[in-house]
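I set down each item as I looked it up.

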Amino acid sequence: MLASLSPQSARINPPQIVTEPPLLRAHGIVRRYGRRIAVDDVSLDVYAGEVVGIVGESGSGKSTLLRVLNLEETPEAGSYRLRAAPKLYETDLLSLGRFEKRTVQIHHIGVVYQNPHLGLRMRFSSSGNVAERLLIAGERSFAALREAARESLSASEFPIARMDDPPRVLSGGMQQRVQLAKALALKPALLLLDEPTTGLDVSIQALVLDTLKRLQRERRLAIVLVSHDLGVIRTLADRVMVMRDGHVVESGLTDQILDDPQHPYTQQLVHAKL
Ligand SMILES: Nc1ncnc2c1ncn2[C@@H]1O[C@H](COP(=O)(O)OP(=O)(O)OP(=O)(O)O)[C@@H](O)[C@H]1O
Ligand SMILES: [Mg+2]
């Protein structure tokens, strides 16, 4: 009895200390369109297995930042590193040439857009959309392509009986699952989501979010999630960054930011959604 009260048995687990560097490290990103600054000196670290949400009113620079992180756009200033493959972390991805950027994008970054037209070929079969990603990465055997596409669609909980249907005849929720299957087909470390469930019925949205959450946990994905829907942010994001006019005005743990916002702009955003 006494032994069970000894200091040793009463010892609690020490706090978990993060020892690995972030998977994504973006620093001092500036993106201008003419005289307009869309993203103004934004820095962001995201760890493997972590979801960072980005919120902010329309035009605050959320999608522009995501396009920079997807290497679709080159900012005027900043650096960007991804610890997704040996040696890659030593390279500032923004300094790479077009072809090298494309290679990093294909292998290490997945993206899902609100508008499926941006991510999918609406007249190809759904399986073909996913297979295309694998084809670009070098897979050539038709049977292997089809099997890998089926596997990725199934992981995204897409109804396999419809894998040969083109996205244009599918529901919005199914189209987002095809985008997700395509994004994750090559098992990237980073997933970028720009309003992935906006416009879907609430019940469909909840199902897609469940799938995202499961895949994120199973694959220890780092996710950057843009959404104006604070319910979606609360469901998925561990941390939140609040953007206004290209700046980050506030950032912190999701519950802290949504329950106790400090910046008047965040307070306004949170209260507008209540
Ligand atoms: N290709 C472009 N050419 C010129 N200006 C652009 C371009 N893309 C974005 N902008 C401008 O950059 C700013 C940020 O736009 P962005 O699309 O990143 O905002 P957002 O936060 O994603 O907004 P929303 O919530 O409406 O999607 C806006 O002022 C926008 O007009
Ligand atoms: Mg946007």
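Entry 1. I looked up the residue across from Y33 and found R36 of strand 2 standing opposite. The model is a predicted one, and I read the entries below with that in mind.

Entry 2. I then turned to the strands themselves. Strand 1, residues 24-33, pairs with strand 2 in the antiparallel sense over eight bridges. I placed this pair in an open sheet of three strands, ordered 2-1-4 with antiparallel pairing. Strand 2 (36-46) and strand 4 (77-82) are the edge strands, each pairing on one side only. From one strand to the next I noted a twist that averages 20°.

Entry 3. Which residues surround ligand 1? I listed Y33, R36, A38, G56, S58, G59, S60, G61, K62, S63, T64 and H228. Helix 1 gives the most, with three residues. By class I recorded two nonpolar, eight polar and two charged residues around ligand 1.

Entry 4. I next asked why helix 1 is largely enclosed by the rest of the structure. The reason I recorded is that six of its eight residues are buried. They are K62, T64, L65, L66, V68 and L69; K62 and T64 also belong to the shell around ligand 1. For the cover over the buried residues of helix 1, I noted strands 1 and 2, together with strand 3 (51-55), strand 6 (190-194), strand 7 (222-226) and strand 8 (239-244) among the elements included.

Entry 5. Lastly, I checked the backbone just after helix 1, where L71 takes a positive phi of about 60°.

Definitions and conventions: Residues are numbered from 1 along each chain as its sequence is written. Chains are lettered from A and ligands numbered from 1 in the order in which they are written. This is a predicted model: local features need pLDDT of at least 70, side-chain atom pairs count only at pLDDT 80 or more; totals for chains, interfaces and linings use all residues. Two strands pair if DSSP finds at least two bridges between them. Helices (H or I, at least four residues) and strands (E, at least two) are DSSP runs, numbered from the N terminus. Axes are lines fitted to C-alpha atoms, for helices over the stretch in contact, and angles run from 0 to 180 degrees between N-to-C directions. A residue is near a molecule or strand if its C-beta atom, placed from the backbone, lies within 6 Å of it. Ala, Val, Leu, Ile, Met, Phe, Trp, Tyr, Cys and Pro count as nonpolar, Asp, Glu, Lys and Arg as charged, and the others, Gly among them, as polar. A residue is buried if 20 or more other C-beta atoms lie within 10 Å of its own, exposed if 12 or fewer, and partly exposed in between; C-beta atoms are placed from the backbone. Two residues are in contact if their C-beta atoms, placed from the backbone, lie within 7 Å.
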